Amino acid sequence: MILIMNNNIPLNQKNIILIGFMGAGKTTIGQLLAEKLGRDFLDADQEIERKHGMPVTEIFKSMGEPAFRQMEKDYIVELCRESREKVVSLGGGSFMQDEIRSACLDNGIVYHLDLTWESWKERFEDLIDTRPILQSRSLEEIEELFNSRKRIYTDNHRTVAVDTLTPEQIATIMVEQIRASWENEA
Ligand code: S3P
């Protein structure tokens with residue numbers, strides 16, 4: 001068991017926060033997990049889009065990446081401070097920001113959805129149009145980004161390998177692990 005208690009929020013009230021590279025399945029798996037646990041689900045990108053009234057692609061285009069990163073930080077840090085008992089999926093780049101990483105690790109249970117580069121490449125075509133970060137980068141550059149992000153994602157409470165499992169199977173495994181950790185703490 002590698003769940004670390006950094007503050008006094010009981011484990012069964014902590015938000016469960018999903019991190020991982022674009023296309024790892026954070027939103028799909030997060031929704032399934034929330035259903036199974038009877039919790040509300042929040043997708044950070046969708047919440048930012050709602051708050052600012054435009055799609056992430058449009059925020060990148062009209063306001064630039066730094067503006068988007070600031071929005072991410074404001075939204076996620078506040079969410080970590082204010083909310084309990086949610087399942088939250090984060091945009092793949094957000095965990096690169098120190099303040100976001102600390103807020104999530106201190107207040108939530110952080111799950112890394114770990115995908116290999118080989119599997120990710122098969123998902124590339126489905127992602128390119130809606131992920132500004134992938135545009136204007138070569139495959140080699142994306143692989144570099146993938147590897148550098150992966151090093152940061154290792155700062156987590158739990159990792160689940162997602163290559164060969166369906167979202168339903170992954171969510172089921174996570175629910176079992178989470179419920180076991182709650183029972184351990186009780
Ligand atoms: C980004 C990932 C996207 C979204 C934005 C930037 C990134 O979210 O936040 O396009 O920097 O990796 P997903 O990980 O849900 O695709």
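Student: How far does a backbone N or O atom of Gly92 lie from an oxygen atom of the ligand?
Tutor: The model is predicted: local features need pLDDT of at least 70, side-chain atom pairs count only at pLDDT 80 or more, and totals for chains, interfaces and linings use all residues. Side-chain values use heavy atoms, with hydrogens and water left out, and numbering starts from 1 along each chain as its sequence is written. For Gly92, the distance from a backbone N or O atom to a ligand oxygen atom is 2.7 Å.

Student: How are α3 and α4 oriented to each other?
Tutor: Helix α3 covers residues 56–63 and helix α4 residues 65–82, with axes 7 Å apart and an angle of about 130°. Angles of 65 to 115 degrees count as roughly perpendicular, under 35 as roughly parallel, over 145 as roughly antiparallel and the rest as oblique. The angle therefore makes α3, relative to α4, oblique.

Student: Which residues of α4 make the contact with α3?
Tutor: Contact means heavy atoms within 4.5 Å. From α3, Val56, Ile59, Phe60 and Met63 take part. Their partners in α4 are Glu65, Ala67, Phe68, Arg69 and Met71.

Student: At what angle do the axes of α2 and α4 cross?
Tutor: Ala44, Asp45, Glu47, Ile48 and His52 of α2 meet Phe68, Met71, Glu72, Tyr75 and Ile76 of α4. The two helices are roughly perpendicular to each other. The axes of α2 (residues 44–52) and α4 come within 10 Å and cross at roughly 105°.

How values were computed
Axes fitted to C-alpha atoms, helices over the stretch in contact; angles between N-to-C directions. Helix = DSSP H or I, 4+ residues; strand = E, 2+ residues; numbered from the N terminus. Polar contact = N/O pair within 3.5 Å; in protein donor to acceptor, adjacent residues only side chain to side chain.
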